Amino acid sequence: MMIKTGGSRSLGLPAPEARLRFETERQEIGGGPRRRLLMVDDEPAFELSFY
């Protein structure tokens, strides 16, 4: 079986215009692990698992 490939493509919008993004909380000095979050319109929507 042969698979045809093409050139790479960018999907979505430029970062400043996107409604969804992934973010990691800022860590305080000596703090524990940071949360990884899915953000919707700059608000936390879902907490992702630890690394």
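How many salt bridges does the structure hold? The structure holds five of them, a salt bridge being a side-chain nitrogen of Lys or Arg within 4 Å of a carboxyl oxygen of Asp or Glu. Keep in mind that this is a predicted model, where local features need pLDDT of at least 70, side-chain atom pairs count only at pLDDT 80 or more, and totals for chains, interfaces and linings use all residues. Residues are numbered from 1 along each chain as its sequence is written, and side-chain values use heavy atoms, with hydrogens and water left out.

**Overall build**

- You'll find three strands and zero helices in the protein; both kinds of element are DSSP runs numbered from the N terminus, with helices (H or I) needing at least four residues and strands (E) at least two.
- Reading from the N terminus, the order of elements is simply β-β-β.
- The radius of gyration is 17 Å, well over the 10 Å that the globule rule gives for 51 residues, so the protein is more spread out than a compact globule. That radius is taken over C-alpha atoms, and the rule is 2.2 Å times the number of residues to the power 0.38.
- The C-alpha trace spans about 50 × 30 × 20 Å along its principal axes.

**Surface and contacts**

- The protein exposes about 5300 Å², and 55% of that comes from carbon and sulfur atoms. Accessible areas come from the Shrake-Rupley method with a 1.4 Å probe, and for residues only the protein chains shown count as cover.
- Take the contacts between residues at least 6 apart in sequence: 5% of them join residues at least 24 apart. Contact here means heavy atoms within 4.5 Å.

**Charges**

- There are 8 positive and 8 negative side chains, and the centres of the two sets lie 11 Å apart.
- Side chains of opposite charge can pair when their charged atoms come close.

**The D42 and R21 pair**

- D42 and R21 form a salt bridge through their side chains, at 2.7 Å from N to O.
- This pair links distant parts of the chain, 21 residues apart: D42 sits in the loop between β2 (36–40) and β3 (43–48), and R21 in strand β1 (residues 20–24).
- D42 counts as exposed at 54% relative accessibility, whereas R21 is partly exposed at 30%.

**R35 and its two partners**

- One partner of R35 is E25, with the closest N and O atoms of this salt bridge 2.9 Å apart. Both R35 and E25 lie in the loop between β1 and β2, 10 residues apart.
- R35 also forms a salt bridge with E47, where the closest N and O atoms are 3.5 Å apart. E47 belongs to strand β3 and R35 to the loop between β1 and β2, so the pair ties together parts 12 residues apart in sequence.
- Salt bridges that share partners also join R21, E23 and D42 into one network.
- R35 is partly exposed at 32%, E25 is partly exposed at 29%, and E47 is partly exposed at 41%.

**A look at D41**

- D41 is found in the loop between β2 and β3, and its 43% relative accessibility makes D41 partly exposed.
- From D41 to G30 is 11 residues in sequence and 30 Å in space, C-alpha to C-alpha.

Technical notes:
Lys and Arg count as positive and Asp and Glu as negative; His and the chain ends are not counted. The place of a charge is taken as NZ of Lys, CZ of Arg, CG of Asp or CD of Glu. Buried means under 20% relative accessible area, exposed over 50%, partly exposed in between (1.4 Å probe, protein chains only).
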